[in-house]
Amino acid sequence: MAEEIKAGCARPTGGPVGEPAPESKSTEEKNLKQENNMIMVGQKAPDFTAPAYFKGKFINVQLSEYLGKWVLLCFYPGDFTFV
Amino acid sequence: MSIDSVFVHKMWNDHELSKMVKTGVPFPMLSDTGGKVGKVYGVYDELAGVETRGRFIIDPDGVVQGYEVLTPPVGRNVSESLRQVQAFQLVRKSKGTEATPSGWKPGKITLKPGPDLVGNVWKVWKTNMAFD
């Protein structure tokens, strides 16, 4: 029987079950990826573009367009997730 | 920013958030489906497939001045984020001649770092000032 999902603050997700897929990436690649994940205060914020919904319109936002202004960039787990 | 599409953002704004804030969300709701931006900022949770509650303060030069990352069930303190922005703005305006000690908020004393202040912070800053 299908199990009922308890609503939490992150979107419920699934994934593959059983034997894990064989590792394909070399450790060197993985280490490089981890280094890329470090954000340091006092360093430039990585630039990006992202589609956005803003006051009834769909727009494209690029972080570097906000140079000259203070920016609060907030991430959150998902729409309709309570908190 | 979240991994939701701009269409879901619209629905959330129109059907729920606009009932909390009359004008609707006053800033762009960014979409990061796939979590590519979240990965670069270190807030993408690969296992859950969502982004954690990260908040970054970026100054007018595009430099990260501070950040905070929480797991999903605990919400942010918006006043604290704004206080930090005000503190960074003050420091920037003073060109680094002033610093904001623990518990600083607008109206409270700042410190002017220099030779005369070494060992003398206790004269101008008391521990009760660390609290509201």
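The questions below concern a predicted model.

Q: Why is strand β4 of chain B called largely enclosed?
A: A residue counts as buried if 20 or more other C-beta atoms lie within 10 Å of its own. Six of the six residues of β4(B), residues 53–58, are buried, so the rest of the structure largely encloses the strand.

Q: Which residues of β4(B) point one way, and which the other?
A: R53(B), R55(B) and I57(B) point one way. G54(B), F56(B) and I58(B) point the other way. All of these residues are buried.

Q: How do you know that β4(B) pairs with strand β5 of chain B?
A: Pairing needs at least two bridges between two strands. Six bridges join β4(B) to β5(B), residues 64–70, so the pair qualifies. The two strands run antiparallel. Within this pair, V69(B) is the bridge partner of G54(B). The hairpin has five residues between the strands, and G62(B) takes a positive phi near 80° there.

Q: What makes β4(B) and strand β3 of chain A a pair?
A: The cut-off is again at least two bridges. Four bridges link β4(B) to β3(A), residues 71–74, so these strands pair, in the antiparallel sense. I57(B) stands opposite L72(A).

Q: How do you know that β1(B) pairs with strand β1 of chain A?
A: There are two bridges between them, and at least two are needed, so they pair. The sense is antiparallel. M29(B) of β1(B) stands opposite Y53(A).

Q: How many residues of each chain are in contact with the other chain?
A: Contact requires C-beta atoms within 7 Å. In chain B, 48 residues are in contact with 40 residues of chain A. The side of chain B that touches chain A divides into 24 nonpolar, 16 polar and eight charged residues.

Q: What makes the span of helix α3(B) agree with expectation?
A: The helix has 16 residues, and at 1.5 Å a residue it should span 22 Å. Its end C-alpha atoms are 23 Å apart, which agrees. Just after α3(B), K95(B) takes a positive phi of about 55°.

Q: Which residues have the most contacts inside the largest nonpolar core?
A: They are M1(B), F56(B) and I58(B), in a core of 17 residues. β4(B) gives the most to this core, with three residues. Leaving aside residues up to four places away in sequence, I58(B) touches A45(A), V71(A), L73(A), V63(B) and V64(B).

Note on methods
Residues numbered from 1 in each chain as written. Chains lettered and ligands numbered in written order. Predicted model: local features only at pLDDT ≥ 70, side-chain atom pairs only at ≥ 80, totals over all residues. Buried ≥ 20, exposed ≤ 12 C-beta atoms within 10 Å, placed from the backbone. Contact = placed C-beta atoms within 7 Å. Nonpolar A, V, L, I, M, F, W, Y, C, P; charged D, E, K, R; others polar. Expected span 1.5 Å × (residues − 1). Core = buried A, V, L, I, M, F, W, Y, C linked by C-beta atoms within 7 Å.
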